[in-house]
Amino acid sequence: MKTYLEPEYTVERDDDRCIRCKVCVNQCTFDTHYYDQEDDKVYSKNENCVNCHRCVAFCPTQAITIRRNPNAYTTNDNWTQEAIRDIKRQAEVGGVLLTGMGCDKPNYSYWDRLLLNASQVTNPSIDPLREPMELRTFLGSKADRLEFELESRDMVLTTKLAPQVCVEAPILFSALSYGAISFNVHEALARASTEFGTLFNTGEGGLDSRLYGYGSHTIVQVASGRFGVHPDYLDVGAAVEIKIGQGAKPGIGGHLPGEKVGPEVSRTRMIPIGTDALSPAPQHDIYSIEDLRQLIYALKEATDYTKPVSVKIAAVHNSAAIASGIARAGADIIAIDGVKGGTGAAPKVSRDNVGIPIELALASVDQRLREEGIRNRVSIIAAGGIRSSADVVKAIALGADAVYIATAAVVAMGCTVCQRCYTGKCPWGIATTDPWISKRLNPDIATRRLVNLLQAWSAEIKEMMGGMGVNAIESLRGNRLHLRGVGLTDTELKILGVKMAGE
Amino acid sequence: MSWIKLNNSYNDDKVIEGCSLFGMMNLKGERFSSKDPVRAIANMHDRGNGLGGGFAVYGLYPDYREDYALHIMYMDEDAKKDTDCLLQDNFSIQIDEEIPTKEANVKDPPLMWRYFVQPKKGLIQNQSDDDFVMEKVMKINTKTGRAYVFSSGKDMGVFKGVGFPEDIAEHFCLEEYNGYLWTCHGRFPTNTPGWWGGAHPFNILDWTVVHNGEISSYGINRRYLEMFGYKCTMQTDTEVLAYAFDLLIRRHHLPIEVAARVVAPPFWDEIDREPQEKRIFLTALRQTYGSLLMNGPFSIILAHQGEMIGLTDRIKLRPLTAGVKGDFLYLSSEEASINLVSPNPDRTWNPKGGEPVVGRLGGMGLKELIVRGVIQ
């Protein structure tokens, strides 16, 4: 069938600058560029270009410019370019449209409509370069109170404390599963977490045994496919996470195509080489909250009550009630992933339409747990669309104990959010298991870039906290008086629990 | 307009103020007059702006030491009638009298009444007397918004209002009273017109707080306390401090030294250097009670029967000086006030940020394992 789809992007090459080095030809995994020996020229097949900027970044003479195809259909606010293209594509293939990364639609972000406070006159701001500024965070169930006994005039703690994990800043790397991403990415995440003092999440594809040495900085995930879940895997992690849902595709399972299942992924996921890894939409042993309780306690039994158990859900309409149930079911941590959360592959319709913004879900969950007097029982990790240290600070002030970042982490490693993760051909060597492509991601460099990002954000968080006049992250957590809203309705302000700016 | 509205009329996040503090305690429990405390707080006149002054006195009513002494402000006669009914329903009232006052340089004093009461037997079920009284106090304070209990402990009392502290002392005829422990406050509110109930000390049962500072962590401190049933109706950070200590000490039975470590904990790098047992203890404390860390500049003098505690935030953004002479312990925003009433003290010192100074009747101190040198 002749395609009616026009190229989305056009590649412009400045022939005066091009030195025919063929870097672009070699770097593009979508075969966009080719060298014509007869003409001694490099040409591009625009229709293959995904705007990943790999060639732009690596062209030594800055000869390449990529533009959105200027050929646009007649302007129409309802029948947008995207709507028309999607229909044409579906008319040609007859299937679900896939995409990668998080929802790219406007209007779902509340971070930009929240502003932070600072000290003036009546209290001093604190200079983080001169004074201690503490970001250390413990995740896990907290006691409602501590009890002591006096033994020969010494205070002896008698309260039995639940297991905790410690992070040096309230930022963790969110689930990126091995198989969806390469070994090198996992290695970089593990090493960066260890070097900085935080945790990375294995995602649902297990953990390659070569990375067991980083176990104390690893959250091992147990998802509906149970890939790579075995006693050693549970033992090696610092915490265990049950994945119920994901913000990019709430209510939907996963599908790792067989082409991505090579020998190493096969061994780690415990499935035959070349078979599709299908994660069912629900966990088939969890059809209700009491089933979740059983799995939580099965995992606690399996790990001898030494590790916190987290439950990750997508932010959906009844998140507050669901979170309350999860807390009562015995989870130590609840991770909530908002509608902007990323993915390696999701149906586009689901990514862009299902779920709710993390800001609203987080605010209502935190408030509900407080009203029920059980906020201490669980830590909350907010995920899905955290783009900057300011977003982190706002999430903490709304009530999160910590945030998960994954898109920001892969961007730090090179990703340009071109949304083609599902193709397995990620030109930046991230969302791929192709040995030829994935080796272009150097774990040493990627580790450095990740640690730099965490350090930079931590420094910025300290600056903002110092400005507010607080020197410990626990004084910011849930402290919504440090937030004000702009451009929000009364209902939005009420759900967020913040006042209007100027109020 | 109700008291509650008056307290924070613009609905600001919290009442913001700067202040002077003074505390004086005879560690043997010998009672003394208001003369020195009033002179000392008056010496810091310029730290206040005349919009609030107050005193808490312990060992005040030895003749009625078993009764709860309720000091109540009334906005009008109706409020008094309603409150009297509530009191009669719940308490047996021994004495019921107007608090003696005289003309002084103070503005619009409300009607102030004093009651000595006992909870009615038979009304209390599964509740301590203290919890019962606290519940009724909260009820009176929130019910009409026109009656305000500003003192509710035994053998102690709070006197406070709008004016400079020396004028408040004169108004309440404080020269007539004796006590073994006095705390004093001069107030500099930035954003409220100043009303009589908004002055310090703040009180619940026999706990009082005088406070200089602004709690930048107020938002979360308040939300945390709300989980434990405290209603922070006054929207002041001082109220939050009082409730925090009530929760930690009265309800969770933490010793004051440990409670001080909750509101002003050591830094993690200090904790990390401690021996294992203490490290686990201090870590558990921060993990459990992190939401009660009082962040931002403050110095406070906290008192209850038999104890006076001075404390600042952990990086000491507001001043506090301590002094000892003979059996007397002094705490003050400025050292000059100590020197004024007690020339040539045995010693004066500046406590470190977050390090409590505790004055206690008798020798009932805990072994100071948990905290660094407390009783000086």
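Which domains does the domain assignment give for chain A? The assignment gives domain 1 (9-95) and domain 2 (162-401 + 448-500). Such bounds come from an automatic or database domain assignment.

This is a predicted model, in which local features need pLDDT of at least 70, side-chain atom pairs count only at pLDDT 80 or more, and totals for chains, interfaces and linings use all residues. Residues are numbered from 1 along each chain as its sequence is written, while chains are lettered from A and ligands numbered from 1 in the order in which they are written.

**View 1. The two domains of chain A and the core between them.** The centres of domain 1 and domain 2 of chain A, taken over C-alpha atoms, are 35 Å apart. The largest nonpolar core has 250 residues. A nonpolar core is a set of buried Ala, Val, Leu, Ile, Met, Phe, Trp, Tyr and Cys residues joined through C-beta atoms within 7 Å. A residue is buried if 20 or more other C-beta atoms lie within 10 Å of its own, exposed if 12 or fewer, and partly exposed in between, with C-beta atoms placed from the backbone. Among the residues with the most contacts inside the core are A:Ile334, A:Ile381 and A:Met413. Helix H14 (residues 443-468) of chain A gives the largest share, nine residues. Domain 1 and domain 2 of chain A both give residues to this core, so the core lies between them.

**View 2. Around A:Ile381.** Two residues are in contact if their C-beta atoms, placed from the backbone, lie within 7 Å. Leaving aside neighbours within four places in sequence, A:Ile381 is in contact with residues including A:Leu172, A:Ile333, A:Ala400 and A:Tyr404.

View 3. Helices (H or I, at least four residues) and strands (E, at least two) are DSSP runs, numbered from the N terminus. Helix H11 (residues 389-398) of chain A is mostly covered, with nine of its 10 residues buried. Among them are A:Asp391, A:Lys394 and A:Leu398. Just after H11(A) comes A:Gly399, with a positive phi of about 140°. Now turn to helix H3 (residues 81-93) of chain A. Its 13 residues should span 18 Å at 1.5 Å a residue, and its end C-alpha atoms are 18 Å apart, which agrees. The expected span is 1.5 Å times one less than the number of residues. A:Gly94 follows H3(A), and its phi is positive, near 70°.

**View 4. Chain B where it touches chain A.** The contact takes 34 residues from chain B and 34 residues from chain A. Helix H6 (218-227), helix H9 (268-272) and helix H10 (276-289) of chain B each give two or more residues to the side of chain B that touches chain A. H6(B) gives the most, six residues.

**View 5. B:Gly354 in its loop.** B:Gly354 sits in the loop between strand S17 (347-349) and strand S18 (357-360) of chain B. Is B:Gly354 buried or exposed? It counts as buried, because it has 22 C-beta neighbours inside 10 Å. Not counting residues up to four places away in sequence, B:Gly354 touches B:Ala264, B:Pro266, B:Thr312, B:Asp313 and B:Arg314. B:Gly354 and B:Asp108 are 246 residues apart in sequence and 38 Å apart in space, C-alpha to C-alpha.
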